[in-house]
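Have a look at the picture first, then read on.

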Amino acid sequence: MVNMIIDGKNISAPKDTMLLEAIRGAGISVPTLCAHEAVSRSGSCRLCVVEIKKGNRSRIVTSCLYGVEEGLVVDTKSDRVLNVRRLVMELLLARCPESDVLQKMALEMGAKPQSRFVADTDKGKCILCRSCVRVCEEVVGVSAIGLFARGSQKTVGPPFHEQSDVCIGCGACVYVCPTGHIEMISTGEKRKIWGRRFKMQPCDKCGKYFAPVDQLKFISKKTGVPFKELSVCTECR
Amino acid sequence: MSKVSDIKLKTKQIVKKHKGDKSALIAVLQDIQEAFNYLPKEALITVGAAMGIPTSRVYEVATFYNAFSLNPRGEHIVKICVGTACHVRGASAILDKFERTLLIKPGETNQDQKFSLELVNCVGACALGPVVVIDTEYHGQMTMAKVDKIIGKLKEGAQ
């Protein structure tokens, strides 16, 4: 165990964990967007910033990527932290003015849209956190999507911005997206995601459409379980 | 050289040359660009399949670097430096001259696929400003008169 002082309280946390877990474990809330249990950490939303003190020096770090250290003094609500966090929020708001998730978070931390940051109109709700790309690579294992170009041109999507032939339509990217940028329309027998239509598989027993055929084929190929067994929905199994 | 099967074949040869090493992706893409003058879509897909890298990752790398072009470029690539030193010495006038002579804007290729115009922010030869790099040749202290001369020479040479 590692002992630290977080917001004036003595907290101990298991070795090799991140500061964010230690802080949350102590019952202190820290706003985050990109930290999701399903994907590896990237520190891209930068809302989880905290101030750490070692000796006479203090600095701002992203708590989701900073490992716990013996004797660390952490401040999660200092003026400096709140200032940095507000600025990050203002920039996120300027990128995605439409996002209700961001608006709600901004309201909680008292951040308002700033006129000096010109609001984008073409970015949708995407904050470029790469969570969807990560889940597609790390969890699903197909890497159907990526972040293309760079700087202000950077966008998320399938390569060449065309229908991906490796996508299995599982919707994991929709699930991890913190702001709800990715659009998935499911209408019974069809599902549309990333511009491609998927045929849904009806359950052999109850007849309910429950998963894309391509996803079940992918699972069958990966696990060796016959397709017939997979075509029964989880509720009927 | 533009048929799909040709592109695939050549791409596979290039991947083989680099022994399919995943970390050599950028080098592979550079070689492909050298062979075709740009990165054809078929080549990117072939690279991914041959090297075991998802197409989305290959496309990420190809779109990240300005040195890679996803559209066919002209035989000669004219890079005009518009960095601070060249700007001060009148790069914008030189750019204007090239635009009017070649009838294209930066990032475009002219109709007969002879010339592409690109902007760069410094080529590390500030003392020669304003600098224009055509293919691999550096042309320093550019003037309006020199532009006509160089383009005339290249047009002759291309014929």
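Two residues count as being in contact if their C-beta atoms, placed from the backbone, lie within 7 Å. On that basis, the contact between the chains draws 9 residues from chain B and 11 residues from chain A. Which element gives the most to chain B's side? That's helix H4 (residues 55–64) of chain B, with 7 residues. Sorted by class, the side of chain B that touches chain A has 3 nonpolar, 3 polar and 3 charged residues.

Keep in mind that this is a predicted model. For the complex, the predictor gives an ipTM of 0.89 and a pTM of 0.86. Within chain B, 97% of the residues reach a pLDDT of 70 or more. Here's how the confidence in chain B looks:

| Part of the model | Mean pLDDT |
|---|---|
| Chain B | 90 |
| H4(B), highest in chain B | 96 |
| Helix H7 (residues 144–158) of chain B, lowest in chain B | 85 |

So much for confidence; on to the layout of chain B. It's divided into domain 1 (4–64) and domain 2 (76–158). The C-alpha centres of domain 1 of chain B and domain 2 of chain B lie 29 Å apart.

Now zoom in on helix H2 (residues 25–36) of chain B. (The expected span is 1.5 Å times one less than the number of residues.) Which residues of H2(B) are buried? They are B:Val28, B:Leu29, B:Ile32 and B:Phe36. Looking down the axis of H2(B), you'd find its buried residues within an arc of 95°, so they line one face of the helix. What do those buried residues pack against? Their partners are helix H1 (4–17), helix H3 (41–51) and H4 of chain B. That puts H4(B) in two places in this story: it packs with the buried residues of H2(B), and it gives 7 residues to the side that touches chain A.

Finally, chain A. It has 7 helices and 11 strands, and its C-alpha atoms fill a box of roughly 65 × 45 × 30 Å along the principal axes. Of the 237 residues in chain A, 34% are buried. Among contacts in chain A with a separation of 6 or more, 52% are between residues 24 or more positions apart.

Terms used. Residues are numbered from 1 along each chain as its sequence is written. Chains are lettered from A and ligands numbered from 1 in the order in which they are written. This is a predicted model: local features need pLDDT of at least 70, side-chain atom pairs count only at pLDDT 80 or more; totals for chains, interfaces and linings use all residues. Helices (H or I, at least four residues) and strands (E, at least two) are DSSP runs, numbered from the N terminus. Ala, Val, Leu, Ile, Met, Phe, Trp, Tyr, Cys and Pro count as nonpolar, Asp, Glu, Lys and Arg as charged, and the others, Gly among them, as polar. Domain bounds come from an automatic or database domain assignment. A residue is buried if 20 or more other C-beta atoms lie within 10 Å of its own, exposed if 12 or fewer, and partly exposed in between; C-beta atoms are placed from the backbone. The arc is that of the directions from the helix axis to the C-beta atoms. pLDDT is the predictor's confidence in each residue, from 0 to 100.
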